[in-house]
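Student: Could you take me closely through the pockets of this protein, with the cut-offs spelled out? I would like one connected account.

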Amino acid sequence: MEKLKIAIQKEGRLSEKSLELIQESGIRHNQDSRRKLISIGENFPVEILYLRDDDIPQYVADAVADIGIVGENEVLEKNRNVEIVERLGFARCRLSLAIPQSHEYTGPAYFNGRRIATSYPNILGRYLKNNHLSAEIHEISGSVEIAPGIGLADAIFDIVSTGSTLISNRLKEVEVVAKSEAVVIASPNTSEVKKKILQDLLFRFQAVRKSKNNKYILLNAPNDNLDKIVKLLPGMKSPTVLPLYEKGWSSVHSVVNENEFWDIIGKLKELGAQGILVIPIEKMIV
Ligand code: ATP
Ligand code: MG
């Protein structure tokens, strides 16, 4: 039986979330897998390969792995023949240019004739070319943020999420060149059997992700405001409304998006809703 080979990061910022997603998708595999190179799904036809994230696009392009979970930044940098088939919403960051705080930023022309340290020479090279800028790219593999402080470069191009690393190195972010999040990449030439396994897997990933963003909500609503309350709670299809034993009241069940949640709760209370319960959802299939 054919198995879908999934490459994930062995150790680092993506590895825990990638494994969590696989596990929450109901795929059991030998647990003590992190020390190994490979683990095998027990109840789903997959093999998990543990690799350095830099290598994942190449392995997928070469069909050593069928799919990979990797930062979009690595996909953009490595520029291999792979397709992004799903966005996963974690490990969000941006690739930005930063300069010393003490310098005045005059726009992209600032970078002309300067030295920029980065681990992403290809993405930076494309940005410079597209903007008709000529700067010297210094490729270094780690601790890019210290380069200006030690006189190795005038500016850096690196991953930024909160910006605290920049601040502690007296740098400021001046241009966001690209945004990134974890994505699933696939080789464009996979067998039909593997395509089917991939579809099943992505379906599970989507169900896990949707459930995380949504909550099940139950509340008691005065019938006089029922229409208004139902309008605030569209639900998956439409909310469930059941009569309460007490006359003039109904129980309303629905699903709310986490991001809209606090906003909705305030409005529901204004409309006289009571006994509001909000419950996590484990899986959600729309
Ligand atoms: P490896 O040893 O596998 O090569 P690495 O050191 O290159 O690992 P990590 O630091 O573990 O990589 O980061 C992996 C990915 O996580 C990055 O490519 C990026 O997509 C994302 N990432 C990195 N830093 C952050 C951050 N501060 N916030 C959010 N996501 C980040
Ligand atoms: Mg890496």
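Tutor: The largest pocket has a volume of about 1100 Å³. A pocket here is found on a 1 Å grid over the protein atoms alone, as an open set of points where a 1.4 Å probe fits, with protein on both sides within 12 Å along at least five of seven lines. Its volume is the space filled by probe spheres set on the points, with grid points joined across faces, edges and corners. The idea behind it is simple: rolling a probe the size of a water molecule over the atoms shows where empty space is left.

Before going on, please keep in mind that this is a predicted model, in which local features need pLDDT of at least 70 and side-chain atom pairs count only at pLDDT 80 or more, while totals for chains, interfaces and linings use all residues. Residues are numbered from 1 along each chain as its sequence is written, chains are lettered from A and ligands numbered from 1 in the order in which they are written, and side-chain values use heavy atoms, with hydrogens and water left out.

Two or more lining residues come from each of α3 (72-78), β9 (155-160) and α5 (164-168); helices (H or I, at least four residues) and strands (E, at least two) are DSSP runs, numbered from the N terminus. By class, the lining holds 13 nonpolar, 13 polar and 13 charged residues. In this scheme Ala, Val, Leu, Ile, Met, Phe, Trp, Tyr, Cys and Pro are nonpolar, Asp, Glu, Lys and Arg are charged, and the others, Gly among them, are polar. Domain 1 (4-89 + 181-211) and domain 2 (93-180) each contribute at least three residues to this lining, the domain bounds coming from an automatic or database domain assignment.

The second largest pocket holds about 210 Å³ of space. Its lining includes Lys-17, Glu-20, Leu-88, Phe-90, Arg-209 and Asn-213, and both α1 (15-24) and α6 (192-213) supply at least two residues. The C-alpha atoms of Phe-203 and Arg-114 are 47 Å apart, at a separation of 89 residues along the chain.

The loop between β5 (83-87) and β6 (93-100) is the place of Ala-91. Ala-91 has a positive phi of about 55 degrees although it is not a glycine, and at 34% relative accessibility Ala-91 is partly exposed.

Asp-53 counts as buried because its relative accessibility is 17%, whereas Asp-54, with a relative accessible area of 25%, is partly exposed.

Definitions and conventions: 1 Å grid on protein atoms, 1.4 Å probe; cavity = no way out; pocket = protein on both sides within 12 Å on 5 of 7 lines; lining within 4 Å. Buried < 20%, exposed > 50% of the residue type's maximum accessible area, 1.4 Å probe, protein only.
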